[in-house]
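Me: I would like to learn how to read a structure, one feature at a time. Please give the general idea, then the case at hand.
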Amino acid sequence: MIEVIGLSKQYGNILAVDNINAKIERGEFVFLVGPSGAGKSTLIKLLVCEERPTSGKIIVAERNIAKLLPSELPYYRRKVGVVFQDFKLLPQKTVYENVAFALEVCDATRAEIEDKVPKILDLVGMLKRRNNLPSELSGGERQRVSIARAMIHNPKILIADEPTGNLDPVNAWEIVDLLERVNNLGTTIIFATHNKSIVDRLKRRVILMKGGKIVSDRIKGGYAI
Ligand code: ADP
């Protein structure tokens, strides 16, 4: 499903990602860990085509996305949902409108929006809060809405960059449960985190980066970050 081959990204004289190779199969749940400055965010930016590699290939669903044309990017980005630590919700829009907006910008019909948005809000447990503004929600609820927005195009891959970083432990675990549920529905998950207790408890694959390199890749083992 995802394969990176000899992937590097250089900023000036800094090699943020240094010749990495990895393969992630369809339906996997993978943690991406490592100290600050290890290259995790850069790798994520490369995977979502926000940055272009200096060298190497990123094969997603059999295409080298490093070679996508600008006109192809919007279509690619619908296949890859992204969730951030700081939610990135539109503050003046309600829960419903925030999720609907992701469809509106893709010219979805009103009927499609009215069909899909309640279903995805129900999946993340936010249907009852559909008319609330982000400022009226807890951090965990805001993250649920941002997961709903990321899932609205039914992406094959969901990338979560420190999704629990701003949450207290109870809310963090609820978000982890939700991401596991999304994974059980068939979506491949890449979960970048500093939270050792989450990584240890879930016993999933752990890719550890340091200095731009993958220094370990362990399947289903606890890992000391
Ligand atoms: P992580 O997400 O693991 O903390 P990053 O990918 O953000 O690591 O950073 C990896 C390295 O690349 C760091 O040394 C960082 O300073 C550098 N870096 C990241 N983005 C840029 C950029 N846009 N310009 C210059 N250097 C960058």
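Me: In which sense do strand E3 and strand E8 pair, and over how many bridges?
Reply: Strands of a sheet pair through backbone hydrogen bonds, and the sense is either parallel or antiparallel. In this predicted model, strand E3 (residues 29-33) pairs with strand E8 (residues 188-192) in the parallel sense, over four bridges. Within that pairing, Val 30 stands opposite Ile 190 of E8.

Me: What is the order of the strands in the open sheet of six strands?
Reply: The order is E6-E7-E8-E3-E9-E10, and the pairing is mixed. Strand E6 (80-84) and strand E10 (213-218) are at the edges with a single partner strand each, so one side of each has no neighbour in the sheet. From one strand to the next, the twist averages 20 degrees.

Me: Which strands does helix H5 lie across?
Reply: Helix H5 (residues 139-151) lies across E6 and strand E7 (157-161). The angle between H5 and E6 is about 165 degrees.

Me: Next, the aromatic side chains. How many aromatic pairs does a search of the whole structure find?
Reply: The search finds three. In one of them, Phe 29 and Phe 31 are edge-to-face, with 5.4 Å centre to centre and 65 degrees between the planes. An angle over 60 degrees counts as edge-to-face.

Me: How are the rings of Phe 29 and Phe 191 placed?
Reply: Their centres are 6.1 Å apart and their planes are at 35 degrees, so this pair is tilted. Phe 29 belongs to strand E3 and Phe 191 to strand E8, so the pair ties together parts that are 162 residues apart in sequence. Phe 29, Phe 31 and Phe 191 form one aromatic cluster.

Me: Are Phe 29 and Phe 31 buried or exposed?
Reply: The cut-off for buried is under 20% relative accessible area. Phe 29 has 3%, so this residue is buried. Phe 31 has 0%, so this one is buried too. Phe 191 is also buried. For contrast, take Pro 169, found in helix H6. Pro 169 is exposed, with a relative accessible area of 59%.

Me: How many residues has the largest nonpolar core, and which have the most contacts inside it?
Reply: In soluble globular proteins, nonpolar side chains tend to be buried together. Here the largest nonpolar core has 43 residues, and Phe 31, Val 117 and Leu 179 are those with the most contacts inside it. Helix H6 (residues 169-184) gives the largest share of this core, seven residues. Both domain 1 (25-54 + 68-79 + 155-225) and domain 2 (89-154) give residues to this core, so it lies between them.

Me: Which residues does Val 117 touch?
Reply: Leaving out residues up to four places away in sequence, Val 117 touches Tyr 96, Val 99, Ala 100, Leu 103 and Ile 152. Another core, of 29 residues, lies apart from the largest one; among its members are Ala 38, Ile 44, Leu 47 and Val 48.

Me: How many residues of helix H1 are buried?
Reply: In helix H1 (residues 40-47), six of the eight residues are buried, so the helix is mostly covered. The buried ones are Lys 40, Thr 42, Leu 43, Ile 44, Leu 46 and Leu 47. Just after H1, Cys 49 has a positive phi of about 65 degrees.

Me: Which strands does H1 lie across?
Reply: H1 lies across E1, E2 and E4, and runs at about 120 degrees to E1. These strands belong to an open sheet of four strands in the order E2-E1-E4-E5, with antiparallel pairing. The edge strands are E2 and strand E5 (63-64), each pairing on one side only.

Me: How are E1 and E2 joined?
Reply: Strand E1 (residues 2-11) and strand E2 (residues 14-24) run antiparallel and are joined by seven bridges.

Me: How many bridges join E1 to strand E4?
Reply: Five bridges join E1 to strand E4 (residues 55-60), and the two run antiparallel. The bridge partner of Ile 5 in E4 is Lys 57.

Terms used
Residues are numbered from 1 along each chain as its sequence is written. This is a predicted model: local features need pLDDT of at least 70, side-chain atom pairs count only at pLDDT 80 or more; totals for chains, interfaces and linings use all residues. Side-chain values use heavy atoms; hydrogens and water are left out. A nonpolar core is a set of buried Ala, Val, Leu, Ile, Met, Phe, Trp, Tyr and Cys residues joined through side-chain atoms within 4.5 Å. Buried means under 20% relative accessible area, exposed over 50%, partly exposed in between (1.4 Å probe, protein chains only). Domain bounds come from an automatic or database domain assignment. Contact means heavy atoms within 4.5 Å. Two strands pair if DSSP finds at least two bridges between them. Axes are lines fitted to C-alpha atoms, for helices over the stretch in contact, and angles run from 0 to 180 degrees between N-to-C directions. Rings of Phe, Tyr and Trp (its six-membered ring) pair if their centres lie within 6.5 Å; planes under 30 degrees apart count as stacked, over 60 as edge-to-face and the rest as tilted.
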